[in-house]
Amino acid sequence: IHKGHIKESRSILSTYLPSGGGARGSPYSEGGALYAMGIIHANHFDLETKNYLLEQLHNAQSTEVLSHGACLGLGLVCMATAE
């Protein structure tokens, strides 16, 4: 439904994305949101999104589900870019 909505991706997923602080949601919904961000940006490389997903990957070292979501999203964002 939202594939290709690159400019609106953060606002679309804002309720599910990991927050910087405070109360956190379910790791499954947050990991899924990171993966969804990758689906939205698939084949549309965006440096800002790549850096955001890398930051989330570094922040999620202790949460396996978030790490998987960030890795999958990162792979889709960087697909066919040799990044």
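G31 sits in helix α2. Leaving out residues up to four places away in sequence, G31 touches V65, L66 and G69; a contact here means heavy atoms within 4.5 Å. G31 and G73 are 42 residues apart in sequence, and their C-alpha atoms are 9.2 Å apart in space.

Before going on, a word about the model. This is a predicted model, in which local features need pLDDT of at least 70 and side-chain atom pairs count only at pLDDT 80 or more, while totals for chains, interfaces and linings use all residues. Residues are numbered from 1 along each chain as its sequence is written, and side-chain values use heavy atoms, with hydrogens and water left out.

**The overall layout**

How many helices and strands are there in the protein? There are four helices and zero strands, and the elements run α-α-α-α from the N terminus on. Helices (H or I, at least four residues) and strands (E, at least two) are DSSP runs, numbered from the N terminus. The protein has 83 residues, and 34% of them count as buried. Among contacts with a separation of 6 or more, 63% are between residues 24 or more positions apart.

| Helix | Length | Span, first to last C-alpha | Expected span |
|---|---|---|---|
| α2 | 14 residues | 20 Å | 20 Å |
| α3 | 13 residues | 18 Å | 18 Å |

Which residues of α3 are buried? They are T49, K50, Y52, L53 and Q56. These residues cover an arc of only 160° around the axis, so they lie on the same side of α3; the arc is that of the directions from the helix axis to the C-beta atoms. The face of α3 turned away from that buried side carries the exposed residues E48, H58 and N59. What covers the buried residues of α3 includes α1 (9–13), α2 and α4.

Helix α2 has its own buried residues: E30, G31, A33, L34, M37, G38 and I40. Their cover includes α1, α3 and α4. At the start of α2, a side-chain oxygen of S26 comes to within 3.1 Å of the backbone nitrogen of Y28.

In soluble globular proteins, nonpolar side chains tend to be buried together. In this model, the largest nonpolar core has 14 residues, and those with the most contacts inside it are L13, L17, L34, M37, Y52 and L53. Helices α2, α3 and α4 (64–77) each supply at least two residues of this core. A nonpolar core is a set of buried Ala, Val, Leu, Ile, Met, Phe, Trp, Tyr and Cys residues joined through side-chain atoms within 4.5 Å. What does Y52 contact, leaving aside its neighbours within four places in sequence? Y52 is in contact with R10, L17, P18, L34 and M37.

**The loop between α2 and α3**

H41 lies in the loop between α2 (27–40) and α3 (47–59). Is H41 buried or exposed? H41 counts as buried because its relative accessibility is 0%. Not counting residues up to four places away in sequence, H41 touches I6, S9, D46, T49, L76 and V77.

N43 is found in the loop between α2 and α3 too, but N43 counts as exposed because its relative accessibility is 54%. N43 has a positive phi of about 65° although it is not a glycine.

S67 is found in helix α4 and is buried, with a relative accessible area of 15%. Apart from residues up to four places away in sequence, S67 touches L57, A60 and Q61.

Now for the cysteines. C71 is partly exposed, with a relative accessible area of 42%, whereas C78 counts as buried because its relative accessibility is 11%. A disulfide is a pair of cysteine sulfur atoms within 2.5 Å. By this rule, the count is zero disulfides.

Key
Buried < 20%, exposed > 50% of the residue type's maximum accessible area, 1.4 Å probe, protein only. Expected span 1.5 Å × (residues − 1). Polar contact = N/O pair within 3.5 Å; in protein donor to acceptor, adjacent residues only side chain to side chain.
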